[in-house]
Amino acid sequence: VVLMSSVATPRPPRVLFMHGLESGAFGSKARWLSERFETAAPDQQVSAYNPLRRNGPMAACLAYVFSFGAAARYAGGSIGLSVAGLASAGLVPFLQWRMRVAMRRCVALMEVALRREKPDVVVGSSWGGAVALKCIEQGYWAGPAVLLAPAISARGVWNLAWPSFEPELPAAAAARVLVVQGDRDDTVPFERVDDLCRRKGLRLEVVEGGDHRLVGAMLGPTERLAQLVRDEYQSSAPSPSIS
């Protein structure tokens, strides 16, 4: 008599990818993931520069500049100069507001995607990593997440308008988040990400010499990102039953 043990073979994970600010549903990481996993990559319709992306800030900022410019030209003289000065003083706060609006819209879009797609693992890149943290904070997702250089802050001029934040995450959900961050990131400050992970209980994998996009480290010959997705999925999957 031969006793056979029936062990369920785990299926490949379903991935929901949240893309970066200047990327999209067909960016390099989205395509790469879709070649290895069942992947959904909803287009967040966001960009810092493209006014045609409806969730980005640029269309509203251009309207702001043009409307104040027209008002200044119409008023002319000292009043026109005052209007122009008021517009200049208000541009950065206006951009800050529009970036917060962009974040809220993307989080709302991803809430719908999470309910529709029912992924096993969320992967977020840059802006998408920040959106994923907001989704976790607001209770839309509590499963495993791999976040590549999550844009919780920004360097340079964009730091003035960036919707920087520090998420409040439930301890159980935080324990299921893996952050991957390059220590040579010139877009998202490594120190901010490192500090956030230490204080909030997020696991951190540091890529020595890694830049912001992390393409070589994650999508290169080692296929590190695919391994991380599998590891996170397997660590969260229920133990197979044996009968």
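This is a predicted model: local features need pLDDT of at least 70, side-chain atom pairs count only at pLDDT 80 or more; totals for chains, interfaces and linings use all residues.
Strand E5 covers residues 177-182, and strand E6 covers residues 203-207. The two strands pair in the parallel sense, and five bridges are found between them. Within this pairing, glutamine 181 has valine 206 of E6 as its bridge partner.

## Arginine 184

The loop between E5 and H6 contains arginine 184. Its relative accessibility is 63%, and because exposed means over 50%, arginine 184 counts as exposed.

Apart from neighbours within four places in sequence, arginine 184 is in contact with Gly209, Gly210 and Asp211. For one of these, glycine 210, the C-alpha atom is separated from that of arginine 184 by 5.4 Å, although the two residues are 26 residues apart along the chain.

## Serine 47

Serine 47 is located in another loop, between strand E2 (38-40) and helix H2 (58-75). The relative accessible area of serine 47 is 3%; since buried means under 20%, this residue is classed as buried.

The side chain of serine 47 takes part in a polar contact of 2.7 Å with the side chain of glutamate 22. When neighbours within four places in sequence are left aside, the residues in contact with serine 47 are Leu21, Glu22, Arg53, Gly56 and Pro57.

Conventions: Residues are numbered from 1 along each chain as its sequence is written. Side-chain values use heavy atoms; hydrogens and water are left out. Two strands pair if DSSP finds at least two bridges between them. Helices (H or I, at least four residues) and strands (E, at least two) are DSSP runs, numbered from the N terminus. Buried means under 20% relative accessible area, exposed over 50%, partly exposed in between (1.4 Å probe, protein chains only). Contact means heavy atoms within 4.5 Å. A polar contact is a pair of N or O atoms within 3.5 Å; within protein, one must be able to donate a hydrogen and the other to accept it, and residues adjacent in sequence count only if both atoms are side-chain atoms.
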